[in-house]
Amino acid sequence: MESDLKTLTELALDLRWAWNHAADSLWEQIEPELWRATNNAWIVLQTASQRRIEQALADPAFQTRLRGVLKRRQERLAQTTWFEQSWPKAGLNTIAYFSLEYMLSDALPIYSGGLGNVAGDQLKAASDLGVPVVGVGLLYYAGYFRQQIDAAGKQTALMPFNDPGQMPISLVRDGDGELMRIPIALPGSDLWIRTWRVQVGRCTLYLLDTNDPANLPEHRGITSELYGGGPELRIEQERVLAVGGWRVLRALGVKPDVCHMNEGHAAFVVLERAREFMAQNNCPFETALAATRAGNLFTTHTPVAAGFDRFSPDLVSQRLGRYAREELRISVEELLALGRANATDWNEPFNMAYLAVRGSGAVNGVSQLHGAVSRRIFQGLFPRWPEREVPIESVTNGVHTPTWDSEASDELWTRACGKGRWEGDLAHLEDSLRTVPDADIWRMRNSDRRALIDYVRRRLARQLAGHGASENEVAVANRVLDPDTLTLGFARRFAVYKRPDLLLTDPDRLLRILTNRERPVQLILAGKAHPQDYEGQELIRRWIEFIRGTAARTQAVFLADYDMRMAQRLTQGVDVWLNTPRRPWEASGTSGMKVLVNGALNVSELDGWWAEAYMPEVGWAIGDLHEHDSDPAWDRADAESLYDLLEHEIIPAFYRRDDSGTPVAWVDRMRESMAHLTPRFSANRTVREYTEQHYIPGAAAWSRRSADGGKIGRDIVEWRRAVEEHWPRLRFGSAQAHPTDGGYAFTAQVFLDELNPDFVRVELYADGLDGRPFRQVMERGEALAGSANAYTFATAVKTNRPGSDFTPRIVPWHPAASTPLECPLILWSK
């Protein structure tokens with residue numbers, strides 16, 4: 001009995017139950033009502049009486065299922081993973097993943113939205129693939145706010161307490177059983193950090209918390225809530241996450257090869273990693289940063305420069321001055337320079353994203369479009385470099401499909417593609433899914449829609465009862481919506497740039513669409529507005545007013561308190577998912593990716609991931625691939641386009657049926673979307689890309705730079721200093737283009753002052769006709785007569801472009817450095 005209870009505890013503390021449902025029947029047998037209400041295995045185990053647990057364990061059928069679950073778990077942990085099979089000699093032991101939020105399950109409410117969704121789904125995918133990721137985050141005692149909406153549509157923010165005892169986490173203790181507490185030295189006192197372990201399949205997430213009795217009251221509240229308070233709280237949270245997080249990993253014996261920062265919130269980790277390297281190798285900060293940055297990866301999710309965390313110089317000096325002087329052994333001014341575009345502008349705020357860029361070996365955006373937008377945002381750090389050469393690439397986000405698929409969808413995919421399909425390279429999925437018959441796909445869609453309508457009715461009844469509605473009003477909830485009607489979904493944060501009111505541009509037209517008796521449409525909405533975003537809250541109120549004040553009340557529903565469980569239900573059950581942001585303000589977007597595995601179709605602005613995913617065979621699009629900022633005329637044009645799509649394409653396609661009642665053209669679109677897009681926009685693909693493009697190369701670069709006490713790092717620092725010292729006196733002399741047979745021969749005279757010629761590279765450059773710039777190294781020839789350090793550089797190009805399209809330039813060059821990331825200087829001949 002004791003060993004069985006230990007097994008149940010181990011299963012309940014492994015969040016794999018959040019996406020693998022093999023043990024669901026066990027938890028349901030122990031506490032049926034509680035399991036159905038929470039889907040939280042740990043709460044079931046913590047709440048159930050000893051008698052209930054013993055009764056279940058005494059049941060032979062329960063024992064058989066328990067043994068089967070345990071056997072499959074052990075077999076899975078023993079099997080060779082994608083990472084082990086594909087990269088057995090990668091030299092990659094650990095990736096430390098830092099994020100301010102994680103969306104793993106509603107059992108662990110420490111998330112707000114998209115950023116946490118990405119972090120949680122990538123951690124789960126890393127577990128599936130066997131990629132050795134260790135997560136670091138914060139344990140919030142209030143998390144993000146819960147939403148209440150009154151009868152008038154007014155949002156109220158509630159902050160319920162997150163009881164650690166009710167969450168699937170455990171305190172970390174050392175080998176002697178003592179609670180592990182990590183100090184950070186502050187003026188006058190130490191800040192003590194406690195650590196909690198979350199098991200996420202093969203991966204571990206460590207959550208840090210400052211609610212230690214030994215801390216001052218203001219320090220105990222640092223990890224109180226997510227995205228609350230002002231800059232003073234935020235800078236302390238980010239110090240705890242990064243500095244404290246790195247120290248926790250090192251205290252646990254974890255030696256990361258790669259440090260992955262999920263947004264600039266974690267940028268202080270580049271300082272702490274360098275500090276540790278300084279202490280270990282007795283070297284200055286500049287050398288340590290050059291050595292360690294090669295193993296750091298920064299992922300930016302922000303599509304507008306105003307979205308980055310910025311702190312005043314006074315606040316940085318107050319909170320980090322001592323750390324800079326005593327532990328990094330640099331001045332506060334040198335620290336501030338790392339977070340500024342202009343190091344000598346003493347009034348410029350400290351930008352966490354700038355720090356992350358200057359402390360990383362690679363930087364990426366989260367969609368192809370966002371990569372381009374980010375290059376524009378960060379171009380100020382690379383003056384005179386062409387925008388396309390700003391060193392920011394992209395890895396498009398994806399979602400963890402086993403978390404978001406419905407039961408019916410999972411069964412369909414299993415029949416077509418087998419179990420374990422999301423744990424490999426996905427190569428066979430597209431062709432296999434295309435063999436699924438129309439009838440099976442349409443049956444899945446109808447089943448999921450019916451399940452969603454049942455859920456919405458129950459949820460709405462509870463919501464109305466919470467407002468104090470009458471019994472008759474609550475009873476109305478059981479009659480809203482229809483399980484056979486085309487169902488649209490719109491759920492996300494309510495913010496002006498997301499244009500959640502686009503469908504309300506012409507309320508009368510929308511009402512006609514919803515209430516058409518021949519081809520009715522129904523709409524399910526959900527979403528929170530930040531407590532300080534009053535414009536976003538007004539958008540919620542407008543929707544509530546429309547729904548309650550018109551004949552749409554049976555065709556449209558706004559569900560309060562949008563969370564992960566609701567997101568799962570909505571993305572599993574809707575037929576069409578709407579997304580209407582202003583381009584390019586949706587860096588990636590993941591909500592529309594979640595519906596793919598379940599066969600729903602997307603109607604979206606050509607922004608974020610949809611800009612690279614869209615083709616007519618898989619969904620519909622609005623927008624013209626251009627940016628219009630907040631132009632009201634363009635908003636009206638987009639609304640008109642959306643109405644037209646609904647009236648003339650989407651609704652007719654859904655209701656156009658064959659003799660068996662199947663909308664054949666609709667199902668064709670479903671099949672193509674499922675087959676072509678689901679694997680491509682899965683977190684499996686995302687994590688494999690990160691592994692192959694960043695983690696493995698980053699670990700190799702870190703290994704090289706950290707060798708011999710950071711010798712390469714020292715070399716790079718000396719190289720950069722020499723380049724910066726002589727750069728103002730570098731110049732071009734004569735530059736010529738001589739026509740040749742089929743092209744040109746280019747020459748350029750270059751005067752290098754006293755700089756080592758090997759420290760630079762002379763290149764011939766031209767803007768790319770296909771978007772990719774032309775670059776060709778010019779060879780150094782003989783020294784110019786009468787000059788101490790000047791040379792003629794030459795190259796030949798086969799081209800039909802005019803010679804004036806090509807320009808020589810000088811760029812810094814070092815065989816081990818990344819230019820312009822590590823030295824952003826550039827000199828053009830004209």
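What volume does the second largest pocket have?

Tutor: The structure is a predicted model, in which local features need pLDDT of at least 70, side-chain atom pairs count only at pLDDT 80 or more, and totals for chains, interfaces and linings use all residues. Residues are numbered from 1 along each chain as its sequence is written, and side-chain values use heavy atoms, with hydrogens and water left out.

The second largest pocket has a volume of about 910 Å³. Its lining comprises 33 residues, of which Leu 338, Arg 358, Arg 720, Glu 724 and Pro 824 are the closest to the centre. Two or more lining residues come from each of α12 (285–292), α14 (332–337), α15 (352–358) and α30 (711–726); α12 gives the most, with four residues. Helices here are DSSP runs of H or I with at least four residues, and strands are runs of E with at least two, numbered from the N terminus. By class, the lining of this pocket holds 20 nonpolar, three polar and ten charged residues. Nonpolar covers Ala, Val, Leu, Ile, Met, Phe, Trp, Tyr, Cys and Pro; charged covers Asp, Glu, Lys and Arg; the others, Gly among them, are polar.

The terms rest on a 1 Å grid over the protein atoms alone: a pocket is an open set of points with protein on both sides within 12 Å along at least five of seven lines, a cavity is a set where a 1.4 Å probe fits but cannot get out, and lining residues have an atom within 4 Å of a point. Points are joined across faces, edges and corners, and a volume is the space filled by probe spheres set on them.

The largest cavity holds about 60 Å³, and the residues lining it include Arg 499, Arg 582, Arg 583, Glu 605 and Trp 634. This lining divides into one nonpolar, two polar and seven charged residues.

The cysteines may be considered next. The model has zero disulfides, a disulfide being a pair of cysteine sulfur atoms within 2.5 Å. The sulfur of Cys 823 is too far for a bond, because the closest cysteine sulfur, in Cys 283, is 20 Å away. Cys 823 is also buried (under 20% relative accessible area, with exposed over 50% and partly exposed in between; 1.4 Å probe, protein chains only), at 0% relative accessibility. The sulfur of Cys 259 lies 16 Å from its closest cysteine sulfur, in Cys 203, and is therefore likewise too far for a bond. Cys 259 is buried, with a relative accessible area of 0%.
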